[in-house]
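Hi,

Here is the structure I promised to pass on to you. Have a look at it first, and then read my notes below.

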Amino acid sequence: MSDYLDALETRNPQSREQALMNKLPQLIAHAQTAEGWGRILQGVDAHDIKSRSALAQLPVTRKSDLKDLQKALPPFGGLNTTPARQMGHIFMSPGPIFDPEGRGQDWWRFARPMHAIGLRAGHLLQNCFSYHFTPAAFMVESAAARIGCAVIPAGIGQTEMQVQAMAELRPDAYIGTPSFLKIILEKALDMGADISSVQRAIVGAEALPPSLRKWLQEHGVAQVLQIYASADIGNIAYESVTDGQVNPGMILDEDLILEIVRPGTGDLVAEGEVGEVIITSFNPDYPLIRFGTGDMSAILPGISPCGRTNQRIKGWMGRADQTTKVKGMFVHPSQVAEVVKRHPEISKARLVVTGEMANDVMSLHCETVTGNSTLQAAIVDSLRDVTKLRGDVQFVAVGSLANDGKVIDDARKYE
């Protein structure tokens, strides 16, 4: 029995890259048939978009843009190439934001993480993602159908019934949030119920601290792997295991192009630097071109010990939207990026906001090797011109700003 879902997972990285780039022009042309993408990509010649450098010239469409796009062109902002009423499901998240599900097999590409944890035909899963309005539970359902697993559609809540189902039906795996799995395990202890059949868990939708993973393992769930997914894209990346040990990083799905950009911009960061996750998805019903997830991560060099050869990311590392209010006015990461662009002497910058309520102090910390008073005065002027606010400039050593993706650091005291 293969350790891999298919041969795509172990392709030569150069072959994978070439295959993705070969498909890019067709993806762009297909997306442009949708009204929304036609507007966003107006004037773009699809045949020219056949490299990462060409892709990087296209605008970023962020998740935070979806509400306004969907109001203008309901229900999906004109980003869908399959009509809404020909989809399999239409989901609604708070906002509201509407997300489609097409009719293709394993439409959300969730089978890869399920296969990576060892789930195979004949296994029984307890699906504890919500079935109410949102798509997570259906991501599991479609993947289970592809693999051949049976599903207990447990959803969320009703903890005693969750324990009873596990005790009597003996599922092999749990899929849901890590915090709810902890609640179920604690309830099983209180009830004296044997749910030891649950030896595997795929968890997502919230952070999994190392302490919680350890707790879950100590309470009987031998393998606990994370998945990183979204309601717009489906599976983005997932953990794998080798000889019982969780491998570093999360492996990118095979049907996506990943970019990491400086928050608030479309500008690529250096490999290993933290930035916003940007995804291009080859989904025939709902293609996404340079879609900004709003999540922060970084590329992890090398390939996984499990043998899967695709790119890895370090996992979820926070949110990219660092917009903050200074003296009653919003300051955006894109404005910091604009100041940096005006001064090529700056290799990296971070706007630090300090002080107390109604007494805000704004300081732009700049990494540079050529700092002098003339440059400092010029940057101060640029900062005021772009933000319409006064702030000072401090030069710091190259490499001294933390690699955490922060462009704006709100360090004010609100006590």
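**The largest cavity**

The largest cavity is lined by R262, P263, E273, V274, K348, A349, N403, G405, K406 and V407. Before you go further, keep in mind that this is a predicted model. The volume of that cavity comes out at about 60 Å³. Sorted by class, its lining has 4 nonpolar, 2 polar and 4 charged residues. How many cavities of 30 Å³ or more does a search of the whole structure find? The answer is 1.

Next, the pockets. The largest pocket has a volume of about 890 Å³, and 40 residues line it. If you want to find its centre on screen, look for G204, A205, E206, Y228 and A229, which lie nearest to it. Four elements are named as giving two or more residues to this lining: β3 (97–101), α6 (136–147), β8 (223–230) and β15 (288–297). Which of the elements gives the most? That's β8, with 5 residues. By class, the lining of the largest pocket splits into 21 nonpolar, 11 polar and 8 charged residues.

The second largest pocket has a volume of about 480 Å³. Its lining is made up of 26 residues, and E17, R52, E271, I299 and Q311 are the ones nearest its centre. Here α1 (13–31), β13 (256–261) and β16 (299–300) each supply at least two residues. The biggest share of this lining comes from β13, which gives 5 residues. As for classes, you get 14 nonpolar, 5 polar and 7 charged residues in the lining of the second largest pocket.

**Two pairs of helices**

Now for some helix packing. Start with helix α8 (residues 178–191) and helix α9 (residues 210–218): their axes come within 11 Å and cross at roughly 35 degrees. Is the crossing of α8 and α9 left-handed or right-handed? It's left-handed. On the α8 side, the contact is made by P178, S179, L181, K182, L185 and E186, while α9 brings L212, W215 and L216. Taken by class, that contact has 6 nonpolar, 1 polar and 2 charged residues.

The other pair is helix α10 (residues 333–342) and helix α11 (residues 373–387). Their axes are 9 Å apart, and the helices pack at an angle of about 145 degrees. This crossing, of α10 and α11, is right-handed.

**What the record says**

Cheers

How values were computed:
Residues are numbered from 1 along each chain as its sequence is written. This is a predicted model: local features need pLDDT of at least 70, side-chain atom pairs count only at pLDDT 80 or more; totals for chains, interfaces and linings use all residues. Side-chain values use heavy atoms; hydrogens and water are left out. Axes are lines fitted to C-alpha atoms, for helices over the stretch in contact, and angles run from 0 to 180 degrees between N-to-C directions. A crossing is left-handed if the near helix is turned anticlockwise from the far one by less than a right angle, and right-handed if clockwise. Contact means heavy atoms within 4.5 Å. Ala, Val, Leu, Ile, Met, Phe, Trp, Tyr, Cys and Pro count as nonpolar, Asp, Glu, Lys and Arg as charged, and the others, Gly among them, as polar. On a 1 Å grid over the protein atoms alone, a cavity is a set of points where a 1.4 Å probe fits but cannot get out, and a pocket is an open set with protein on both sides within 12 Å along at least five of seven lines; lining residues have an atom within 4 Å of a point. Grid points are joined across faces, edges and corners, and a volume is the space filled by probe spheres set on the points.
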